[in-house]
Amino acid sequence: MFSRKNKENIIFCILEYHISDKYVIISTIAFWRFIVVNNNNRNLFEVWSSSDNGDVKLANDNKKYTFAAYNKIQEFLKNRALKHRGRKALDIGIGTTDLSTELSKEGFDITGIDFSEKMTEMSREKLPESKIISWDFSNGLPNEIEGEKYNIVFCNYSIHQLEFEQQINLIKEIVEHLCDDGILFIADVMAKYRKELEILSKRVDDWDDEENYIVYDEIKDELPNLYTDYIKFSYCSGIVEIRKLRIA
């Protein structure tokens, strides 16, 4: 494992030689995962946000942690959203807006949240008719959406930025903003059980222990009054679906 200081040095070396395919793969591993979760290093994240999405694509194509099965996950989320009768969505960690842009073309009313000023600027350019909010969601949801209800909410490769208690608090707050038939989808690196995640962390050479990846069994135990489900997409990625329990 690299120290935090060494990671920063590696990041800038990678950026300088990013045109080489072998460095693109490394950049996903040593750059994306390090930048997104460290609030004190958001200036580095701003640099990444202006770069191409090719590193994510290559990681997906090569089944690399952290984005193994990324395309399948995005396609699943899009299809599930399109099957819902509602057309109002909240995208937490909207990032490059790829998913929300696709849904916007299908008539969805999109609200996006991201902690990165650069990302929110890019999102506003791509989705000029959408409400895009710059906000640190480790502090919960912003006041701008108070009273709003959503059919679909996405936490798309973003919730691992939060500590476990923050994750649970955010989920509970999101549920308050769901319509009665609304659905929260959490897509990320995750495992069903703690032991599974521990084994995975030992098998992946470049595993980052600073990440707070979802363990479904632990999330489920904290949400006894909600419907939860886990869908595995790859050796390191999956989706947690959360809905309100229907009262007969």
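Helices (H or I, at least four residues) and strands (E, at least two) are DSSP runs, numbered from the N terminus. Thr 120 lies in one such run, helix H7 (residues 117–126). The model is predicted: local features need pLDDT of at least 70, side-chain atom pairs count only at pLDDT 80 or more, and totals for chains, interfaces and linings use all residues. Residues are numbered from 1 along each chain as its sequence is written, and side-chain values use heavy atoms, with hydrogens and water left out.

The protein contains ten helices and eight strands. Of its 248 residues, 52% count as buried; buried means under 20% relative accessible area, exposed over 50%, and partly exposed in between (1.4 Å probe, protein chains only).

Thr 120 is buried, with a relative accessible area of 0%. Leaving aside residues up to four places away in sequence, Thr 120 touches Asp 114, Ile 132, Ile 133 and Ser 134, where contact means heavy atoms within 4.5 Å.

The buried residues of H8 are Gln 167, Ile 168, Leu 170, Ile 171, Ile 174 and Val 175. They cover an arc of only 165 degrees around the axis, which puts them on the same side of H8; the arc is that of the directions from the helix axis to the C-beta atoms. The exposed residues Glu 165 and Glu 176 are on the face of H8 turned away from its buried side.
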